[in-house]
Amino acid sequence: MTGAFITGSDQPEKTVIKIGFMPLTDCASLVMASVLGLDEKYGIKLALSREHSWSGMRDRLLRGELDAAHVLYGLLYGVEMGIGCSATPMALLMNLSRNGQALTLSNSLARQGATDLAGLAGLVRKGTRRFTFAHTFPTGNHAMFLSYWLAAGGIDPLRDAQLVTVPPSQMAANLAAGHMDGFCAGEPWSARAVADGGGFMVASSQDIWPDHPGKALGARADFVDANPHACRALVAAVLEAGRWIDESDEHRFAAAEVLASPAWVGADLGAIAARLQGQYEDGMGKRWQDPDPLRFHADGDANFPYLSDGMWFLTQHRRWGLLRAAPDYLAVASRVNRVGLYREAALLAGVAAPSGLLRSSVLIDGKVWNGLDPEAYAASFPIHKLTPAKT
Amino acid sequence: MKSPPQRTLRIVVVNTAPGGGAGEEAQARRNTALRIGLLESGYDIVASLPADIFLPERIAQIQPDMIIIDSESDARDVLEHIVIATRDEPRPIVLFTDDQTASSMDAAIAAGVSAYIVAGLQAERVKPVLDVAMVRFRREQKLLDELSDTRRQLADRKLIERAKGVLMAKNRLSEEEAYQKLRSMAMNKKLKLAELAQRVLDVEDLL
């Protein structure tokens, strides 16, 4: 089935595709697509490039030094809308993973009674000092989840706290040193903070939004427009890799062994493998097998580029004043999320795709996000920094 | 009109975080070459800051005109925070890399970003790069000055209109006659029209 289409008009426009990734557990499907040779099955070759920072990766993507990247979903939309950089038309080819990020607080906070969101809120209300929380990028997933979680507890992230950006690999050290009170980031750095004894996991990202979108496979819009066959092959290969990883704990462990190498994530195998297999320990004596851990496929549902996912990030950018005017939410998501190309790739890889473009979720504060009336949703939060829409 | 005095650019250099490894060593070398180049070119390095969690706070306190950081530094994202927080008053952030195939600065300027990627970091190459960054920085300053000039002109115009109105009412003059009276008095007293207008209004307030 697979060899037949790579001839004639379906042939990939370019065979070597340069893809940037950050050393995080959730780059696994991209790495395994290369390691398992799934790229060559679809007539392409992945040239994976380990990046140092999200902004550096973004710049290389915009300059054409990278064709595509393992990128924060929120960051991609931030570039589309020109937040902190020149607005550039971007394309989201697929969602790479769901769940599996974490919120970690310092043990010192726990000793002061902040062992959950309510406890933290109580501590903040006492007003003895301002608390500092870190995320990985101002427009990215972790910044939005952290802000959402704090606000859900009645804490204004912009007034009652100070948010800072810290590289993921430096989170654990900064927490242990007392430079910050907590952070939201991906793995294995959150597990590291707990293992190092500097902090405890107060919530997982799936606690905030069950089955939330994670990293996306992003590219410049003009690259996708010029290379649709190559992009389709890329998505198909990564879909197969994600499906392989999700198949069993053995596959997950094998992926962890690959990721542990310094060429990829370069972290302790234990730190990577445990939470990848859903085995959590929170640093406060609790251990459990999570029913909704990091997933790369979930029978395709984790990969579908739902328009409502993209729009959620737009609403949160709007909510916190990163977008000063209301965007045309549906139009932006419709042009960024390449649903048509995804469906073709899913067909190639034998992956089922939902028929709808929106999905409905209930988040930690009980609010429903279903993709409908996004500006009203953005304006519906008691804690926000919205600039009102001009009349 | 006299142009405002050119003051030296206040530059902050961000140092790579210590940690060892080939990447960090290369960054440290680039940073040293950069600082030598800056000093040789006569720039004012106000501070050399570590790339740690306190960087945004320190930069907020120092308020430099320009921030220079290695493009391979993982502290780039920390700076991103500052970029967004200060997007109404952007300052040039200059990025340095050894990458010889880096895109031209023209592309960066055309894209409207205040960040430049430069190939190579030999001391003698530092000055031309910063010259371009400074040109752009000054162009932005000029635009801001023009903006404040325009605002002042608008304010002056309003003063003159009000002074005309006072003369027209008090001395039963037509608009043209009032304007001519203001003009000739300004010339006689060697005052700017707006200054005289202000005096007319001040007297009007007194009486």
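Colleague: What's the strand order in the open sheet of 5 strands in chain A?

Modeller: Bear in mind that this is a predicted model. The pairing in this open sheet is mixed, and neighbouring strands are turned by 30° against each other on average, direction ignored. Reading across the 5 strands of chain A, the order is β2-β1-β3-β10-β4.

Colleague: Which strands stand at the edges of that sheet?

Modeller: Look for a strand with a single partner, because one side of such a strand is left without a neighbour in the sheet. In chain A that picks out β2 (45-50) and β4.

Colleague: Inside the sheet, which residue of β10(A) stands opposite A:L72?

Modeller: Strand β3 (residues 68-72) of chain A and strand β10 (residues 215-220) of chain A run antiparallel, joined by 5 bridges. Opposite A:L72 you'll find A:K215.

Colleague: And what angle does helix α12 of chain A make with β4(A)?

Modeller: Two helices are worth a look here. Helix α1 (residues 28-35) of chain A lies across β1 (16-21), β2 and β3 of chain A, at about 135° to β2(A). Helix α12 (residues 228-246) of chain A lies across β1, β3, β4 and β10 of chain A, and its angle to β4(A) is about 30°.

Colleague: Now β5 of chain A: how many of its residues are buried?

Modeller: A:A102, A:T104 and A:S106 point one way from β5(A), while A:L103 and A:L105 point the other way, and all are buried. The strand (residues 102-106) is largely enclosed by the rest of the structure, because the buried count is 5 of the 5 residues.

Colleague: Which residue of β9(A) stands opposite A:L105?

Modeller: β5(A) runs antiparallel to strand β8 (residues 182-185) of chain A, with 4 bridges, and there A:T104 has A:F183 as its bridge partner. With strand β9 (residues 199-204) of chain A, β5(A) is also antiparallel, through 5 bridges. In β9(A), the residue opposite A:L105 is A:F200.

Colleague: Within what arc do the buried residues of α16(A) fall?

Modeller: The buried ones in helix α16 (residues 329-336) of chain A are A:Y329, A:A333 and A:V336. They line one face of the helix, because seen down the axis they fall within an arc of 70°.

Colleague: Last one: which helix gives the largest share of the side of chain B that touches chain A?

Modeller: The contact takes in 18 residues of chain B and 21 residues of chain A. By class, chain B's side has 7 nonpolar, 5 polar and 6 charged residues. The largest share, 7 residues, comes from residues 76-85 of chain B, helix α3.

Technical notes: Residues numbered from 1 in each chain as written. Chains lettered and ligands numbered in written order. Predicted model: local features only at pLDDT ≥ 70, side-chain atom pairs only at ≥ 80, totals over all residues. Buried ≥ 20, exposed ≤ 12 C-beta atoms within 10 Å, placed from the backbone. Arc of directions from axis to C-beta. Contact = placed C-beta atoms within 7 Å. Nonpolar A, V, L, I, M, F, W, Y, C, P; charged D, E, K, R; others polar. Pairing = 2+ DSSP bridges. Axes fitted to C-alpha atoms, helices over the stretch in contact; angles between N-to-C directions.
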